[in-house]
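Here are some notes for a first look. Please keep the model open beside them.

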Amino acid sequence: MAAGKSGSLDLAAKREAGQSSAAGKGSAGTESGRVALSIDVEDWFHAANLARAVPPEAWDACELRVERNTMRMLQILDAANVRATFFVLGWVAERCPRLVRSIAEAGHEVACHGYGHQLVTSLGADEFRADVSRAKHHLEDLLGAPVRGYRAPSFSITDWAIPILQEVGFEYDSSVVPTIAHDRYGKLTGMDAGRPVTLLREGFHEVSISCLRLGKRGIPWGGGGYFRLAPYALWVQGVRAILRSGRPYVFYIHPWEIDAGQPRVSGMKPFEMFRHRINLSRCEERFIALAGAFPWTTIGDLIDEEKLRVPGGKRSAASMRTIETLQSCLTWSPAFFC
Ligand SMILES: [Zn+2]
C-alpha cells in the first residue's frame, strides 16, 4: 500500500489514537459520541480537480485503483471495529461488482454517489434523474436491498434536485457543506452549520458535512483536502469541540486519498494539483488514527438515532423543523452574538 513516510505529526496522531482508545472511544460524558464516517467510492481520475485533465472519455484508459484502495479501507475499519457509509459511484459499481458486495458483507452501508460524477449544477433535471436512477438501480440489483442515501459529486447539491431524489426512492441526501469557503460546493435553502441532521421534507433528511463555526461562517472540518492539510492533533481537537457542542460529527474521505502512488497527469493547474495531492503520503496513517479514535457509525444509523431522539416518534416535517430550530438556537446562541 502506498502509505509513504510518516511524519512527526502522524506519530503524534498514533499516540493520540492510542490514548483515545484507552480512554474509551468518544470520551463519553463530555461528547455526544454521535459520529458518522463516510467514504465516496470513486477512482483517482474521477476527482473534480482532474476533471479538465482527464475527461470522462479517457476514464476507461486509466489504471483502475479504486478496488484495492477501498479494500484497504475496509481492512482499516475492520481493525478499528467501526462501520461507515460508502457512497459508491455507479461507474465504479459496474466495473467492480465484487467490491460493492464486499462492502455490504462487511456490515457497512452502501449508498449512491450518482453514476457519471458530473456536477449536479451542470445537469438538467431529466439528466440528473437518469444519472441517479441508473446508479441506484444498479447498486440495488447487486445488493438485493434498497439504497437509502445519495451524495452529490463535489457536494454540488441544489434545491431542485431534492424532490427528484425523493421521487427516485432515496430517503436522505448528504451533500451540504455549510461554508462559503469553496467555489464548487452547492447549497440547500434552510441548511446551516448548526443543524447537521435536518428533515427537509416528510420522509427525507439532509445530513450535512461537519464544519467548525466561526461567527456565522463554517470552516470545513469534515474531510478531504482540509483533513490532509490541517495538523492531525488540531483536527481531533476540532472534532471534539463539535461533539461537545451536542452536534453529531460527519466525516468523509475518498479511497484515492490513501494512494500516494496514483499516476500524475499533465494538464492540471497548480491549485488543482495542490488540492488533489496535498499530503497524500500521510493520509493512510491519519485515517487509521481517526478510525480508531471515535465510535464511528453509518449515516443511515445516525438519521435513525435522530428520529428516536424526537419524543413521540413520528412528527410532521413542520413540527420537526420547529424542534430542530429550537435545538439549533439553544446550541448556537453564543455564536449568533460573535
Ligand atoms: Zn466524488
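At what angle do the axes of helix α2 and α4 cross?

1. The axes of helix α2 (residues 66–80) and α4 cross at roughly 10° and come within 10 Å. Axes here are lines fitted to C-alpha atoms, for helices over the stretch in contact, and angles run from 0 to 180 degrees between N-to-C directions. The two helices α2 and α4 are therefore roughly parallel; angles under 35 degrees count as roughly parallel, over 145 as roughly antiparallel, 65 to 115 as roughly perpendicular and the rest as oblique.

2. A word on the source. This is a predicted model, in which local features need pLDDT of at least 70, side-chain atom pairs count only at pLDDT 80 or more, and totals for chains, interfaces and linings use all residues. Residues are numbered from 1 along each chain as its sequence is written. Helices (H or I, at least four residues) and strands (E, at least two) are DSSP runs, numbered from the N terminus.

3. On the α2 side, Glu67, Thr70, Met71 and Leu74 make the contact; α4 supplies Leu99, Ser102 and Ile103. Contact means C-beta atoms, placed from the backbone, within 7 Å. By class, the contact of α2 with α4 has 4 nonpolar, 2 polar and 1 charged residues. Ala, Val, Leu, Ile, Met, Phe, Trp, Tyr, Cys and Pro count as nonpolar, Asp, Glu, Lys and Arg as charged, and the others, Gly among them, as polar.

4. Now α4 and α5. The axes of α4 (residues 97–105) and α5 (residues 125–143) come within 10 Å and cross at roughly 65°. That makes α4 roughly perpendicular to α5. Pro97, Val100, Arg101 and Ala104 in α4 meet Leu139, Leu142 and Leu143 in α5. By class, this contact of α4 with α5 has 6 nonpolar, no polar and 1 charged residues.

5. Ala106 lies in the loop between α4 and β3 (109–112). Ala106 has 15 C-beta neighbours inside 10 Å, so it counts as partly exposed. The cut-offs: buried is 20 or more other C-beta atoms within 10 Å, exposed is 12 or fewer, and partly exposed is in between. Leaving out residues up to four places away in sequence, Ala106 touches Leu74 and Asp78. The C-alpha atoms of Ala106 and Arg83 are separated by 8.6 Å, at 23 residues apart along the chain.

6. Last, the strands. In β10 (residues 249–253), 5 of 5 residues are buried. Tyr249, Phe251 and Ile253 lie on one side, Val250 and Tyr252 on the other. Strand β1 (residues 35–41) and β10 pair in the parallel sense over 5 bridges; pairing needs at least two DSSP bridges. Leu37 stands opposite Phe251 in β10.

Terms used: Two residues are in contact if their C-beta atoms, placed from the backbone, lie within 7 Å.
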